[in-house]
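Student: I am new to this structure and would like a close look at a single part of it. Please take me through that part in one connected answer.

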Amino acid sequence: MTLLPWLEEVLTAHARWEAQWGPYTPHPAGALDEGAVRSALAELEERLGDNYPYFHPRYAGQMLKPPHPVAIAGYVAAMLVNPNNHALDAGPATAAMEREVVRDLARTFGFRDHLGHLTTSGTIANLEALFVARESHPGKGIAHSVDAHYTHGRMAHLLGLAAHPVPVDGAGRIDLDAVEPLARSGAIGTVVLTAGTTGVGAVDRVDEALALKERHGLRIHVDAAYGGFFRLLAGSELPAAPWEAIGRCDSVVVDPHKHGLQPYGCGAVLFADPAVGRFYRHDSPYTYFTSFTSFTSEDPHLGEISLECSRAGAAAAALWLTLRLLPLTPGGLGAVLRPGLRAARRWADVLAACDELTLYQRPELDIVTYFPTAPAMGTIDRASAAVLRAGMASGKFYLSTLEVTAAAMGARHPGVRADAPSARVLRSVLMKPESEAYLDRLHGSVLAATRSLRP
Ligand SMILES: *Cc1c(COP(=O)(O)O)cnc(C)c1O
């Protein structure tokens, strides 16, 4: 796009900023030979050639796409200074930007008050949410659905929390009736809901789960690492109720490095009650430190309420700049997400009318799952894997596979014979807006490969 002129602007602005501090002599230790740099760069180019074309709509595999050019410009601008958002005096400007974007995210989810910060990833953001869950309900475990991200089981283990995986319904949403007895027995203090599962993009019924909170004093954490930004389309393209209910939950995680157009290294955790800041112990002798007795959303600096220490101020600057230009509105960032949603729905219709391929389930978000039509799990598994390989070998399309259990398949396609405990089905993440215009070609390529592989 227009990255080059923006980068020029950024480099010039940085030179202006540096110049005001007066001259100094750079040390020769870091000086490099121009020819050596050029040949190392050539080697780097060759090494980086070993990648899949994540930017191209023919790539519909995992949750991957390049950042928006403006996020790159924002990142580079701040990285040239390299502030660290672990303490106020290590990056005053980017700490302020982090506060602003976190406030905007909290508003988007409908939190009236909040405490929160950016993290390096959704995993760390969820770890913090589960840490606060443990401190809020000592001695009690958590429940999450079997389709929740694997990080919850892993992080619960790390935190010494008992994790109770509960079943999902035929749409991949958590079965709240299975959570009820765990809550009643006192085994759990927190339920983890997912707004957009990593596998199929299922959105748990957050609105219906609120009753559990009232009845049992259960804490609700919403993992919206993948789906969170679809909140912008709630009430128009997506049903309002589950998304609006997030505003009445206790914490939420969203990954700007997934659907927020950011480079990797940008997750976020938000808490509805700023008082949870008391669980974070902070007594660093090295950093600027204001003592605090009461928490409001503005009081503590970010280093005091984060489990991580060093964090790139550049990540905050990149997100801040992106959201200035593509704000958290249906017509801003929402307009970037909408085409993928439309593409997923149209592909689902095309697949539903297709003999050779079968739609696994209707997509709620922009993830489409399907499989080569066959009567039994074993054949479906082999055929899915073969189509995936054919796409990669030809370079024409890139998909991923999702392993589904016989029970999950049976709930959606009772006619499929369960001759194996699980089967891989095909999965396509249509997270680039370009997917919409490319959809017919993508479907055509997948269908052609499926046909040519028929025995
Ligand atoms: C991706 C994802 C995570 C993990 O986030 P990372 O940023 O990859 O660490 C957690 N939960 C869900 C639902 C996800 O999609």
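Student: Which residues does Trp-243 touch, not counting residues up to four places away in sequence?

Tutor: This is a predicted model. Leaving aside residues up to four places away in sequence, Trp-243 touches Ala-195, Val-203, Gly-227, Gly-228, Phe-230, Arg-231, Ala-234, Leu-238 and Leu-365. Trp-243 also belongs to the largest nonpolar core, which has 59 residues. Within that core, Val-179, Val-222, Phe-230 and Trp-243 touch the most other members. The element that gives the most to the core is helix α7, residues 176-184, with five residues.

Thr-190 lies in strand β4, which covers residues 188-194. Thr-190 counts as buried because its relative accessibility is 1%, and the cut-off for buried is under 20%. Not counting residues up to four places away in sequence, Thr-190 touches Ala-133, His-137, Gly-141, Ile-142, Ala-143, Leu-218, Arg-219 and His-221.

Two loop residues concern the backbone. Most residues other than glycine have a negative phi. Leu-261, in the loop between α10 (256-259) and β7 (267-271), has a positive phi of about 65°. Asn-82, in the loop between α3 (69-79) and α4 (92-108), has a positive phi near 60°. Leu-261 is buried, at 7% relative accessible area, whereas Asn-82 is exposed, at 57%.

How values were computed:
Residues are numbered from 1 along each chain as its sequence is written. This is a predicted model: local features need pLDDT of at least 70, side-chain atom pairs count only at pLDDT 80 or more; totals for chains, interfaces and linings use all residues. Side-chain values use heavy atoms; hydrogens and water are left out. A nonpolar core is a set of buried Ala, Val, Leu, Ile, Met, Phe, Trp, Tyr and Cys residues joined through side-chain atoms within 4.5 Å. Buried means under 20% relative accessible area, exposed over 50%, partly exposed in between (1.4 Å probe, protein chains only). Helices (H or I, at least four residues) and strands (E, at least two) are DSSP runs, numbered from the N terminus. Contact means heavy atoms within 4.5 Å.
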